[in-house]
Amino acid sequence: MTTEVKKVRKRPAPKRPVKKVVKKEKSKGLSSLQAYNLYRIVLISLLVVAVGISGGWKIPFLEEDTHPKKIIVTQPHLESIFKEAKYFTVDEQKKYTVYNQFKDIIGYAISTHDYASHVRGFAGEVPVLIGFDNDSTIQGMEMLQHNESGEYIEFILDDRLLDKWNGLTFDRALYHEVDGITSATETSEAIIKTIHVTLSEITGKELVHQEYSWSLILQWVLTSFTIIFGLLVCFYKPMKNYRTPMLIMVTIVMGFVYQKMISVSFLHGWIVHGISLESNLVSIVLLVLSVVLPLTTKKQFYCHYMCPFGAAQELVGKVSPLKKKNMNWMKLRSIPLQTIATIILISCILIGKYPELSYVEPFPSFSFRIVSWWMIGFGLLFIGLSFFYSKPWCKICPTGFLLDNCKKKTARDNKKYNVL
């Protein structure tokens with residue numbers, strides 16, 4: 001008996017409607033996020049210009065002599081060099097003639113501001129008053145008005161840097177080699193160069209270019225190696241495990257040894273007074289990397305890799321056995337205290353009423369040989385808090401706030417932080 005197998009015809013599957021692919025037209029103009037990034041760049045640029053104008057920039061279409069730079073020589077300045085000084089006069093060549101109580105000429109003086117105002121220290125010009133006699137023999141020197149930290153200048157004066165040229169004629173003093181002072185290298189080197197440039201202008205003799213000292217070459221080598229090490233840890237994955245040695249090197253080299261760091265004081269001095277390429281080469285490289293890398297790679301290179309105070313806090317946090325607490329309480333109506341403090345500080349700078357900026361942040365505490373005990377205590381306070389909190393100073397650091405605003409924002413940041 002045979003069975004017939006019936007072939008069952010399969011019904012064809014119903015045809016799905018074909019969706020027409022509509023090509024999205026490229027939006028003309030900037031997206032909201034691109035506009036936000038452009039807005040921040042413009043805002044930062046305007047801030048730089050505003051700080052510069054408030055500090056004395058001369059803009060052609062504004063009043064020419066707004067905030068003119070004046071270095072005034074007073075009677076006390078001359079008395080510090082010539083003990084018997086009672087009167088003085090100034091001639092057309094800006095040469096000061098000094099008289100005693102009997103109106104006898106006892107000496108002369110010149111200000112380096114009239115000859116070497118272009119020489120820059122850490123925070124601008126470092127003018128010096130040079131006193132001399134009829135034979136052009138230097139009798140003494142005195143610091144004039146400057147923008148350097150008072151404690152650094154006091155440290156330099158205590159080391160008797162200005163006495164190195166006493167008793168020398170202008171010709172001999174011009175070629176007299178004087179070494180800078182460790183822990184105040186940039187300022188002391190600027191003072192030395194200011195004096196030599198002035199003597200060169202007065203004598204009409206060419207200033208011999210001095211070869212770089214071994215200490216300066218060693219500084220460039222160590223700081224350059226530290227920056228390269230930080231770049232490798234930041235961008236080269238196999239080097240991520242070397243973060244702790246990198247933090248130790250940054251703390252020692254960039255902090256304690258050479259004090260190479262970016263701060264509000266540094267940024268303000270650079271904007272208002274300019275910056276010396278020769279004495280601040282490492283700082284300029286750091287600044288460029290700190291701005292360019294966040295804009296191009298979103299990596300906050302300086303704050304997370306090169307800041308010596310941040311590195312010291314992170315190292316303390318690593319050795320602390322305590323669980324780190326959050327610092328969400330550091331807000332005022334959901335606005336971080338870092339934002340509020342930075343806006344207040346910038347406002348004070350713009351109106352010209354602000355404290356000595358080197359004391360606003362604890363970074364000078366690395367110069368423990370120079371700064372006061374309360375400044376050292378300022379730094380130790382946040383190092384101690386690092387046992388309980390993760391990098392507490394970074395939560396209120398104005399420099400970190402400024403550099404963070406150089407970071408390029410993406411759609412992910414927009415969703416996470418609701419920046420728009």
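Mentor: A residue is buried when its relative accessible area is under 20%, exposed when it is over 50%, and partly exposed in between (1.4 Å probe, protein chains only). This is a predicted model: local features need pLDDT of at least 70, side-chain atom pairs count only at pLDDT 80 or more, and totals for chains, interfaces and linings use all residues. Residues are numbered from 1 along each chain as its sequence is written, and side-chain values use heavy atoms, with hydrogens and water left out.

Trainee: What share of the protein chain do buried residues make up?

Mentor: The protein chain has 420 residues. It holds 15 helices and seven strands; helices (H or I, at least four residues) and strands (E, at least two) are DSSP runs, numbered from the N terminus. The buried share of the residues is 42%.

Trainee: What is the average pLDDT of the protein chain?

Mentor: pLDDT is the predictor's confidence in each residue, from 0 to 100. Here 82% of the residues score at least 70. The chain average is 83.

Trainee: What distance does helix α9 reach from its first C-alpha to its last?

Mentor: Helix α9 spans residues 281-297, which is 17 residues. The expected span is 1.5 Å times one less than the number of residues.

Trainee: How wide an arc do the buried residues of α9 cover around the axis?

Mentor: The buried residues are Val282, Ser283, Leu286, Leu287, Leu289, Ser290, Leu293 and Pro294. The arc is that of the directions from the helix axis to the C-beta atoms. These residues sit on the same side of α9, because their arc is only 160 degrees.

Trainee: Which helices do the buried residues of α9 pack against?

Mentor: The list runs on both sides of α9 in the numbering. The partners are α5 (185-203), α6 (214-235), α7 (243-257), α8 (264-273), α10 (301-306) and α14 (398-404).

Trainee: What phi does Gln259 have?

Mentor: Most residues other than glycine have a negative phi. Gln259 is not a glycine, yet its phi is positive. It lies in the loop between α7 and α8 and counts as buried at 16% relative accessibility.

Trainee: How many salt bridges does a search of the whole structure find?

Mentor: Side chains of opposite charge can pair when their charged atoms come close. A salt bridge is a side-chain nitrogen of Lys or Arg within 4 Å of a carboxyl oxygen of Asp or Glu. One of them joins Arg160 and Asp163 at 2.8 Å, N to O. The search finds five.

Trainee: How far apart in sequence are the parts that Asp171 and Lys205 tie together?

Mentor: Asp171 and Lys205 form a salt bridge, with the closest N and O atoms 3.4 Å apart. Asp171 is in helix α4 (residues 170-174) and Lys205 in the loop between α5 and α6, so the pair ties together parts separated in sequence by 34 residues.

Trainee: Which residue is linked with Arg243 and Glu314 in a network of salt bridges?

Mentor: Glu314 and Arg243 form a salt bridge, their closest N and O atoms 2.8 Å apart. Glu314 lies in helix α11 (residues 308-319) and Arg243 in helix α7, so the pair ties together parts 71 residues apart in sequence. Both Glu314 and Arg243 are buried. The network also includes Lys391.

Conventions:
Contact means heavy atoms within 4.5 Å.
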